[in-house]
Amino acid sequence: MLVTGASGGVGSMAVSLLSQHGYEVVASTGKEAEHPYLRSLGATTVIGRDEVMGDEGRVLGKERWAAAVDCVGGETLAAVIRSLRYGGSVAASGLTGGNAFGSTVYPFIVRGVALLGVDSVLTPIEERRAVWANVRSDFPEETVAAMVAEEVGLDGIDGALVDMAAARVRGRVLVEPSR
Ligand SMILES: NC(=O)c1ccc[n+]([C@@H]2O[C@H](COP(=O)([O-])OP(=O)(O)OC[C@H]3O[C@@H](n4cnc5c(N)ncnc54)[C@H](OP(=O)(O)O)[C@@H]3O)[C@@H](O)[C@H]2O)c1
């Protein structure tokens with residue numbers, strides 16, 4: 001299973017969750033310094049962002065991924081789609097690498113791959129509670145702690161957002177209002 005944007009909040013959770021459920025996880029990241037972190041979350045292999053882009057310009061790439069969680073979007077998502085193995089799926093969560101992507105119908109009609117949309121904003125509260133209950137049982141406290149890159153008070157939010165937009169943040173930033 002491939003996870004792109006792996007050192008971010010969604011990516012970190014995906015790497016950890018998938019590895020705990022027994023999947024072999026390949027984490028793709030633009031941050032060389034976070035390779036040990038991603039291995040500590042359970043990634044079997046850590047690769048650079050560029051390595052996901054293989055076979056650019058072809059409608060079908062080498063079949064590499066059984067499935068993927070893509071947090072990046074843009075041309076990264078296009079690359080993932082053309083590199084899914086027969087019958088594979090990619091869950092598209094984000095757009096940190098851009099909102100538009102070019103693809104052809106070939107991966108869908110020749111390899112039967114699926115593009116799965118993810119939306120957490122309108123997810124009903126019952127489903128959210130069930131997911132968070134799973135998170136509580138699936139993630140040991142130390143794993144969640146490792147995903148918190150920094151804790152800030154309300155006055156630290158602006159700075160944290162600047163770092164996030166520049167992709168300098170690992171995992172999540174915890175906001176402690178009383179700080
Ligand atoms: N659909 C939903 O319900 C839902 C829910 C939550 C979040 N989202 C979206 O999902 C995406 C990920 O959320 P997040 O909370 O994980 O964000 P995040 O913590 O900011 O992580 C995003 C990661 O994307 C990678 N990245 C950043 N800029 C990039 C670029 N130009 N090209 C390629 N990779 C880049 C970086 O990872 P590496 O350095 O490791 O490559 C970064 O850590 C965001 O777009 C967010 O808005 C959607």
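Domain bounds here come from an automatic or database domain assignment. I start from that assignment, which gives domain 1 (2–117) and domain 2 (126–175).

**Ground rules.** I am reading a predicted model, in which local features need pLDDT of at least 70, side-chain atom pairs count only at pLDDT 80 or more, and totals for chains, interfaces and linings use all residues. Residues are numbered from 1 along each chain as its sequence is written.

**Entry 1: the two domains.** I looked up the centres of domain 1 and domain 2, taken over C-alpha atoms, and found 21 Å between them. Next I looked up contacts (C-beta atoms, placed from the backbone, within 7 Å). I found 12 residues of domain 1 in contact with 9 residues of domain 2. On the side of domain 1 that touches domain 2, α1 (9–20) and α2 (35–40) each supply at least two residues. The largest share of that side, 5 residues, belongs to α1.

**Entry 2: the whole chain.** I noted 8 helices and 8 strands in the chain. Both are DSSP runs numbered from the N terminus, helices being H or I of at least four residues and strands E of at least two. The radius of gyration is taken over C-alpha atoms, and the globule rule is 2.2 Å times the number of residues to the power 0.38. The chain has a radius of 17 Å, close to the 16 Å that the rule gives for 179 residues, so it is as compact as a globular protein of that length. Along the principal axes, the C-alpha atoms fill a box of roughly 55 × 35 × 30 Å.

**Entry 3: the sheet.** I traced an open sheet of 6 strands, with parallel pairing, in the order β3-β2-β1-β4-β5-β6. Two strands pair if DSSP finds at least two bridges between them. The edges are β3 (45–48) and β6 (114–117), each with a single partner strand, so one side of each has no neighbour in the sheet. I then checked β5 (residues 84–92), which pairs with β6 in the parallel sense over 4 bridges. V90 stands opposite L115 in β6.

Entry 4: In the chain, buried residues make up 34% of the 179 residues.

How values were computed: Buried ≥ 20, exposed ≤ 12 C-beta atoms within 10 Å, placed from the backbone. Contact = placed C-beta atoms within 7 Å.
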